[in-house]
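Here is a short report on one protein chain. Look at the structure first, then read on.

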Amino acid sequence: MTDRTTPEPFLDGFQRMLADAAGTGRRLTREEIQSRRAHGARAAEAGHDWRSLVRAHLAAGREGWPRGADPAGVLTVVEQALDAFADGYESAQRLVIRKEEAARREFIDDLLHGRGDTGQLAERSERFGLRLSRAHAVAVAEGPVEYDESHPVPRRVADELFGRFENRRILFTTKHGRMVCIAPGDQDEVLTHFAKQAYAAAMGQVQVAVGRPRPGLVGIGHSYEEALNALDVAQRMALDEPLLRAADLLVFPVLARDRQALVDLVHSVLGPLERARGGAQPLLATLTAYFDSGCVAAAAARQLSLSVRALTYRLERVHHLTGADPADPGHRYTLQTAVIGARLLNWPAKPLHPTAASA
C-alpha cells in the first residue's frame, strides 16, 4: 500500500535533471518532460495531495541547487519540471474523478433499483457512506427544471446538508433531473432538513416526497419508488404541499393497485356526467371542491367563484344524472372515491376503457 506521506519516489531524477539542465543553461528535453508528466500521473493515482508534492519539489530544488548556476536558469528548469508534473497529475486526477463518479453513479443506480449482488453492494455502500444493515428512507425533490450535480440548486442543498450533518451516514445525489437524499430511517430530521433546504434553494418551486423507512438493500429501492409515486399522486391530485410523506398517501396506491376496478368504478358512478351540457368536467370540479371543503357548500362555492345557489344546482344535476346524492352520507363515500379515482386516472381528459361487464 502506498505511503501517502512520502512523495519522494515521484521526484526520481528531478535533482539530476535540475543540475544538468541548469548547469548548462539548456531547457528540458522532450523525454525529460515526459518523465515528469509520468511521475505526476503516478502521484495522482497514488492519492498524494498537490500541496505536499509542491513542497517536496521545492525542498529537492533547494538541496540540489547547482553551485554557481544562474538563479533565473535554475528557476526556469524548476518551472518547466513542475509544469510538466502538474500536467500529468491533473490529467490523471481528472481520469480518477471520472472513474470515481462513474462508479458512484453505477452504485446509486443499483441501490435505487435493487440490482446487483447484495454482498458487493453492501461493501461498496461503506465507501459511499451508507450502512445497508440499517433501515433507510429516501426523499426525492422535484423542481421546475431538471437538476444535475453541477446545477447551483443541488450544490447549495448539498453544502447545507453536509454542513449540518457532516458525520451522518447519508447520501445525496441527482437522478432523472431530481434531487435524492438517502438517510437512516431513524433520522427523519435529516430528510426534513433536506426538504427545507431544497425548498429554499429553489425559491419555493420544489416539492419533496419522503418514502417510508425500509430495511436492507431492497428497502431503499422501495422507499425511493414510494417517494416517486407520492410525487406522481401529488401531480394528479393537485396536491401543492411542499412536503409529502408516502405514509400519509397510502390510500391512493391502494385505489390505483387494481386499475381496471378503478376504471369500472369511475365509469359506472361518474360516466353519466358526460351527458351534462358542457361535459363532465364542470360537475366533476364541483364535486372535487365540495369534498375538499368538507362538504361545506359555501366554502366550495367560494373556491369555484360561484354563488351557493349555483353550486347547489350543480350538485342537484349530479344527483339527477348519477342517482347518487353528494349530500347523502350513504352515497358520499362512493362518489368521493370515484372522484379520487377520476383524478388518478386523469378522467375525463383521458377516456376510460371499462370492462365489458361494466360497460
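## Model and confidence

A residue counts as buried under 20% relative accessible area, as exposed over 50%, and as partly exposed in between. Arg245, at 27% relative accessibility, is therefore partly exposed.

Keep in mind that this is a predicted model. The mean pLDDT of the protein chain is 87. Of its residues, 96% reach 70 or more. Confidence is lowest in helix α5 (residues 118-127), where the mean is 70. Confidence is highest in strand β4 (residues 207-210), at 97.

## Salt bridges

Side chains of opposite charge can pair when their charged atoms come close. How many salt bridges does a search of the whole structure find? The search finds twelve.

Start with Arg245 and Asp188. Their closest N and O atoms are 3.0 Å apart. Asp188 is partly exposed, with a relative accessible area of 34%.

Next come Arg212 and Glu226. Their side chains meet in a salt bridge of 2.5 Å, N to O. The two residues are 14 apart and link distant parts of the chain. Arg212 sits in the loop between β4 and β5 (214-215), while Glu226 belongs to helix α8 (residues 216-237). Is Glu226 buried or exposed? Glu226 is buried, at 13% relative accessible area. Arg212 is partly exposed, at 29%.

Some salt bridges share partners, and these join Asp20, Arg26 and Glu32 into one network. Within it, Arg26 pairs with Asp20, with the closest N and O atoms 2.5 Å apart. Arg26 is partly exposed at 25% relative accessibility. Asp20 is partly exposed too, at 39%.

## Nonpolar cores

The largest nonpolar core has 58 residues. Helix α8 gives the most to this core, with ten residues. Which residues have the most contacts inside the core? They are Leu111, Ile182, Leu270 and Leu287.

Take Leu270 as an example. Leaving aside residues up to four places away in sequence, Leu270 touches Leu265, Leu284, Leu287, Leu335, Ala338, Val339, Ala342 and Trp347. There is also a second, separate core of 24 residues. Val157, Phe165, Ala183 and Phe194 are among its members.

## Helix α6

Helix α6 (residues 152-164) has 13 residues. From its first C-alpha to its last it reaches 18 Å, close to the 18 Å expected at 1.5 Å a residue.

An α-helix has 3.6 residues a turn, so residues three or four places apart point the same way. In α6, the buried residues are Val153, Pro154, Val157, Ala158 and Leu161. Seen down the axis of α6, they fall within an arc of 130 degrees, so they line one face of the helix. What covers them includes β2 (171-175), β3 (178-184) and α7. The face turned away from the buried side of α6 carries the exposed residues Pro152, Asp159 and Gly163.

## Helix α13

Now turn to helix α13 (residues 308-322), with its 15 residues. At 1.5 Å a residue, α13 should span 21 Å. Its end C-alpha atoms are 21 Å apart, which agrees.

Which residues of α13 are buried? They are Leu311, Leu315, Val318 and Leu321. Their directions from the axis of α13 fall within an arc of 130 degrees, so these buried residues line one face of the helix. They pack against α11 (281-292) and α12 (297-304). Arg309, Tyr313 and His320 are exposed, on the face of α13 turned away from its buried side. Just after α13 comes Gly323, with a positive phi of about 85 degrees.

## A buried loop residue

Ala46 sits in the loop between α2 (30-45) and α3 (50-63). Is Ala46 buried or exposed? Its relative accessible area is 14%, so Ala46 is buried. Between Ala46 and Ala81 there are two distances to compare. In sequence they are 35 residues apart, and in space 19 Å apart, C-alpha to C-alpha.

Conventions
Residues numbered from 1 in each chain as written. Predicted model: local features only at pLDDT ≥ 70, side-chain atom pairs only at ≥ 80, totals over all residues. Heavy atoms only, no water. pLDDT = per-residue confidence, 0-100. Helix = DSSP H or I, 4+ residues; strand = E, 2+ residues; numbered from the N terminus. Salt bridge = Lys/Arg side-chain N within 4 Å of Asp/Glu carboxyl O. Buried < 20%, exposed > 50% of the residue type's maximum accessible area, 1.4 Å probe, protein only. Core = buried A, V, L, I, M, F, W, Y, C linked by side-chain atoms within 4.5 Å. Contact = heavy atoms within 4.5 Å. Expected span 1.5 Å × (residues − 1). Arc of directions from axis to C-beta.
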